[in-house]
Amino acid sequence: MGACLALCSLASCASCLCGSAPCLLCGCCPSSNSSTITRLVFSFFLLLGTLVSIIMILPGMETELQKIPGFCQGGTSIPGLENQVNCDVIVGYKSVYRMCFAMACFFFFFSILMIRVRSSKDPRAAVQNGFWFFKFLILVGITVGAFFIPDGFFHNVWFYFGIVGSFMFILIQLILLIDFAHSWNEIWVRNAEEGGKGWYAGLLIFTVLHYALSFAAVVLFYVYYTKSDDCTEHKVFISLNLIFSIVVSVISILPKVQERSPQSGLLQSSMITLYTMYVTWSAMTNNPNRDCNPSLLSLVSNVSTTAPLPTSAPGQVLWWDAQGIVGLVIFLFCTLYASIRSSSNAQVNKLMQTEEGQGSGGEGELGEDGLRRAVDNEEEAVTYNYSFFHFHLWLASLYIMMTLTNWYSPDTETQAMHSSMPAVWVKICSSWLGLGLYLWTLIAPVILSNRDFS
């Protein structure tokens, strides 16, 4: 009897996976808005691909990956370079590049397919919100095919796709962090005004903490990532980002800015400052000049920075480091937040192509069997731009590819993966542009006083 009930439950869930409007008729799905569930499932696809990519670069996996026919035969399939590349070095990044290429193709296809979908009544909305089993099969099929792409110039070309896409995704991460800080500040201030004065203390504590961590980071950067007679670029990067962060923090509390944007404040500025310091650190760790880029291991163990690093040893690549792990954590947070966000910030909603306050889950409708169904909250109009959401996930796939490979540039001729200055400048420029975007959100209501930014 129990087995029969289990089979019936599985059949119900299968209809969720294969149906044209999942979670609207299935009791196995959670009580929420269909728009939120759809974003969460697509984000799950991205996170699943990320997990597979991480597994592929774990120590020992290179032996299994070399068993894929032709994947690392003689080192490479490029004419004239046979037996010149160590497979233990190459297969890790080749696997990540191909897995992320498959995810990028998947999301880019849906980004094109979903252009100008206005409501759930559009036939394409059924594809967006359903048929999950078939979507999963499509993703698996693209992934399998990606592993049979000839080497050629694929890795070098896709590296530059990753550079550009990651630059754009870093900006999106910054926008999401600004939105999160605005929502956080708004909720806690409202709670404080309702009688809980402890919320003000909480805001103050987190603001001071963010600035303290940022200041500590600047000090450590000057100590470990600069030298008195070298590392001029690092000195410029650190100094400029410190100055820019102070400027936007001061502007955020100016009387005219506060008058036009009461929700702005030091909490948002402190979070942006801390994120800017992270991006600065991430950029400096990609500097190929090892005198200016000590490994974290050498810093902890007080080893000379001139000693050979793992990345220079034959057959070894340092896939994991501290900035990469921090980058993954921020990526996971921003991806999940983008799936469930419900913002009242009009400027951020315009940038992210979402409707105000419509991203959160609802209570769900109660069915005849007593189970709640997910609500189709997009009959009149979609609550987020389908095409832009997939474009965002496309950029996220490229960002994950670069993060998991430490932004290394593939070089089959020298049998190695190495850091490159383009990665440094992409990250630094994204931090400057991100600070510029945040500055614009502060001064735009003042400069364009005839427009409504509420």
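The model is predicted: local features need pLDDT of at least 70, side-chain atom pairs count only at pLDDT 80 or more, and totals for chains, interfaces and linings use all residues. Residues are numbered from 1 along each chain as its sequence is written, and side-chain values use heavy atoms, with hydrogens and water left out. Helices are DSSP runs of H or I with at least four residues, strands are runs of E with at least two, and both are numbered from the N terminus.

**Helix 16**

- Helix 16 has 27 residues and should span 39 Å at 1.5 Å a residue; its end C-alpha atoms are 37 Å apart, which agrees. The expected span of a helix is 1.5 Å times one less than its number of residues.
- Thr 441 in helix 16 marks a kink of about 35°, shortly before the proline Pro 445. The bend at a residue is the angle between axes fitted to the seven residues ending there and the seven starting there.
- Lys 427 lies in helix 16, which covers residues 421-447.
- Lys 427 counts as buried because its relative accessibility is 1%. Buried means under 20% relative accessible area, exposed means over 50%, and partly exposed is in between (1.4 Å probe, protein chains only).
- The side chains of Lys 427 and Asn 286 are joined by a polar contact of 2.6 Å. A polar contact is a pair of N or O atoms within 3.5 Å; within protein, one must be able to donate a hydrogen and the other to accept it, and residues adjacent in sequence count only if both atoms are side-chain atoms.

**Asn 241**

- Asn 241 sits in helix 9 (residues 232-252), and its relative accessible area of 0% makes it buried.
- A polar contact of 3.4 Å links the side chain of Asn 241 to that of Ser 431.

**The second largest pocket**

- Rolling a probe the size of a water molecule over the atoms shows where empty space is left.
- On a 1 Å grid over the protein atoms alone, a cavity is a set of points where a 1.4 Å probe fits but cannot get out; a pocket is an open set with protein on both sides within 12 Å along at least five of seven lines, and lining residues have an atom within 4 Å of a point.
- The second largest pocket holds about 460 Å³ of space.
- Its lining has 17 residues, and Leu 274, Tyr 275, Tyr 278, Val 326 and Ile 330 lie nearest the centre.
- Helix 7 (154-193), helix 8 (198-224), helix 11 (266-284) and helix 13 (322-340) each give at least two residues to this lining. Helix 11 supplies the largest share, six residues.
- By class, the lining has 16 nonpolar residues, one polar and no charged.

**Residues in loops**

- Gly 265 lies in the loop between helix 10 (255-260) and helix 11, and counts as buried at 9% relative accessibility. Its C-alpha atom is 9.4 Å from that of Val 250, with the two residues 15 apart along the chain.
- Ser 119 is in the loop between helix 4 (87-113) and helix 5 (123-129), and is buried at 11% relative accessibility.
- Arg 116 is in the loop between helix 4 and helix 5; its relative accessible area of 60% makes it exposed. Its phi is near 65°, a positive value in a residue other than glycine.

Key:
Points joined across faces, edges and corners; volume = space filled by probe spheres on them. Nonpolar A, V, L, I, M, F, W, Y, C, P; charged D, E, K, R; others polar.
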